[in-house]
Structure formats: C-alpha cells, structure tokens
Amino acid sequence: MKRTEEELKEVAKDLRKKAVTMIYEAQSGHPGGSLSVADFVAACYFGEMNIDPKNPKWEDRDRFILSKGHVCPIQYAALATLGYFPLDVLHTLRKEGSILQGHPDMKKCPGIDISTGSLGQGLACGVGMALAGKRDKKDYRVFVVVGDGEAQEGEIWEAANTAHKYELDNLIVFVDNNNLQLDGTTDEVMPNGDLGKKFEAFGFDVYEIDGNDMHQIVHTLDMIRMRKNKKPHCIFAHTVKGKGVSYMENQCGWHGVAPNDAEYKQAMEELEGGLK
C-alpha cells in the first residue's frame, strides 16, 4: 500500500534511527551520507518502487542501486523494515560472516541489485540494467543514488552519455548534493561546478530540489512517472550531510565515524523527538 507524505517522513526518521544504531553498535560505518539520502531511500522503497520482498529476484521489479555504496546502512534499514531479512540481522553490520557487509553485496544480501563500493561504477551498472529493460520490453525502472563527490569520477559521465544515446527514460539518477566528501568540501577536493547543468548538458531531464523535503521528492517522482520523452532523469538534490542529528549536520568529520555512547544517546533523542 502506497504511503502518504507524512507516513514517508516517519519512515525516513525510523530508517535514520536504525542506520545510526547499526553504525554505533558496529563502531564502524558512514553516518553522514546515510542520513542525507534517507528521505529519498524512504520515498523509493516505501512509496514509489514496484518490488516484492518475498521475491527479491523478481524479473519485473524496479531496481535500486546505491552507487555510493558506503552509505549502505540506510539501504539495509529499508530492506529489513520491508521484510527482505529479519530486523535482528541489522545488529550484525560489518561483523564477520554477516550478510551486511561494509558495502552492498548482491551475493550475500537479499534485495541488493548490484554490488557497489568502488565509486563511479554504480551508474554504469544502472545504465546497463535500464538498457536491458528497454531491449527486453520490460516496464521496470532503475533508480541510482550518486554522490556529488562520486561525480568527480569520469565513469559517471561515460554512463550519462550512454544513457542519453539509448534514450533511457526508465533511468532515474538521484544526485546526493551534500557538498561534503571524505577529505573536505567538494569544491576543495575537485570542484563539480553545477552538476544539474552538467547532467542537462548530457541530455537528461533535470529536476533541482531540496533532497530532504519529502513533498518535493514525491512530487518530482510523480512528474517523472508521467513524463515520456525518451530522456533519462536526474534529480539534482541539495541535501544536508548528517541530516537529523544536529552535531553531524554539515560536518565533514562525520563522513565515516561512529558515535560514542554520549553521541549515540543524543542522536537517538533528537531522532526520536521527530517521530510520532
């Protein structure tokens, strides 16, 4: 059953709680980017995508690719909440033998459509899936989350060019434009310029939004679903790294650091304060 925007907001907050808890318990992981993409992950898995948790390999399912694979805790939280695997498995993040590796592994974890981790490769895989869908006359769509730091990789633009050539209007790219990456701001590391205009130059329909505003996300997905003009789609989303936890927001240092006991307690209090 499709959820309302208010319900999706609650889902996103719950996923944030689960992701921060997983990282805290593992004392390893990437909270900043997990929190910045939480709203889009919630909107896709719980409102937009045609999927069946009881049949993860269903041929006609929509595909979801986390090209910035290091933020997998938020995807694992969504998959477990939907029933792809038991919720208690979330407590095994990054443990030896766990299906929840530090990056998504399609051979271990139900619901992962492609293994990711090496930045820049996920969009190319998504283009391949979308092209296969077109050639097989399937109706499924492919959703890909790309980081703004990741967009510094040349393979992203080779994939974008290919998506334009083959008129892949079944491809939706969400650019998580939180302006921070491992070593600093994107402008400090390797300036991207205007990523929205870049994707537009590569033949994409571009929708510039607040990527932490559920109404804007849902409205944009509605527009994309109705638009049939043989163009791939880019949601150029301005987001806040660490969204929902005050001391993590817009702080580069929370790219790949786990909270301590006091920090975790504060994070849970702030996130629970936003839950009904």
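Guide: A term to begin with: a pocket is an open set of grid points with protein on both sides within 12 Å along at least five of seven lines. Note also that this is a predicted model.

Visitor: How much space lies in the second largest pocket?

Guide: About 220 Å³.

Visitor: Which residues line the second largest pocket?

Guide: Among them are Lys134, Lys138, Asp139, Tyr140, Arg141, Ile224, Arg225, Lys228 and His233. By class, the lining divides into 3 nonpolar, 2 polar and 7 charged residues.

Visitor: And the largest pocket, how much space is in there?

Guide: About 310 Å³. Of the 20 residues lining the largest pocket, Leu119, Gly149, Glu150, Gln181 and Leu182 are the closest to its centre. The lining has 5 nonpolar, 9 polar and 6 charged residues.

Visitor: What lines the second largest cavity?

Guide: Lys2, Leu8, Ala43, Gly47, Glu48, Val218 and Leu221 do. The volume of this second largest cavity is about 30 Å³.

Visitor: Which helix gives the most to that lining?

Guide: H3 does, with 3 residues. Helix H3 (38–48) and helix H9 (214–226) each supply at least two.

Visitor: Back to His233. Strand S7 takes in residues 233–238; how many of its residues are buried?

Guide: In S7, 5 of 6 residues are buried, and the strand is mostly covered.

Visitor: Which strands pair with S7?

Guide: Strand S3 (residues 171–177) is joined to S7 by 6 bridges, running parallel. Strand S6 (residues 205–210) also pairs with S7 in the parallel sense, over 6 bridges. His238 in S7 stands opposite Asn177 and is the bridge partner of Asp210.

Visitor: Last one, Ser36. Buried or exposed?

Guide: Buried, because its relative accessibility is 0% and the cut-off for buried is under 20%. Ser36 lies in helix H2 (residues 31–36).

Visitor: What does the side chain of Ser36 make a polar contact with?

Guide: The side chain of Asn178, at 3.4 Å. Beyond its neighbours within four places in sequence, Ser36 is in contact with residues including Lys68, Asp176, Gly211, Asn212 and Thr239.

Terms used:
Residues numbered from 1 in each chain as written. Predicted model: local features only at pLDDT ≥ 70, side-chain atom pairs only at ≥ 80, totals over all residues. Heavy atoms only, no water. Helix = DSSP H or I, 4+ residues; strand = E, 2+ residues; numbered from the N terminus. Buried < 20%, exposed > 50% of the residue type's maximum accessible area, 1.4 Å probe, protein only. Polar contact = N/O pair within 3.5 Å; in protein donor to acceptor, adjacent residues only side chain to side chain. Contact = heavy atoms within 4.5 Å. 1 Å grid on protein atoms, 1.4 Å probe; cavity = no way out; pocket = protein on both sides within 12 Å on 5 of 7 lines; lining within 4 Å. Points joined across faces, edges and corners; volume = space filled by probe spheres on them. Nonpolar A, V, L, I, M, F, W, Y, C, P; charged D, E, K, R; others polar. Pairing = 2+ DSSP bridges.
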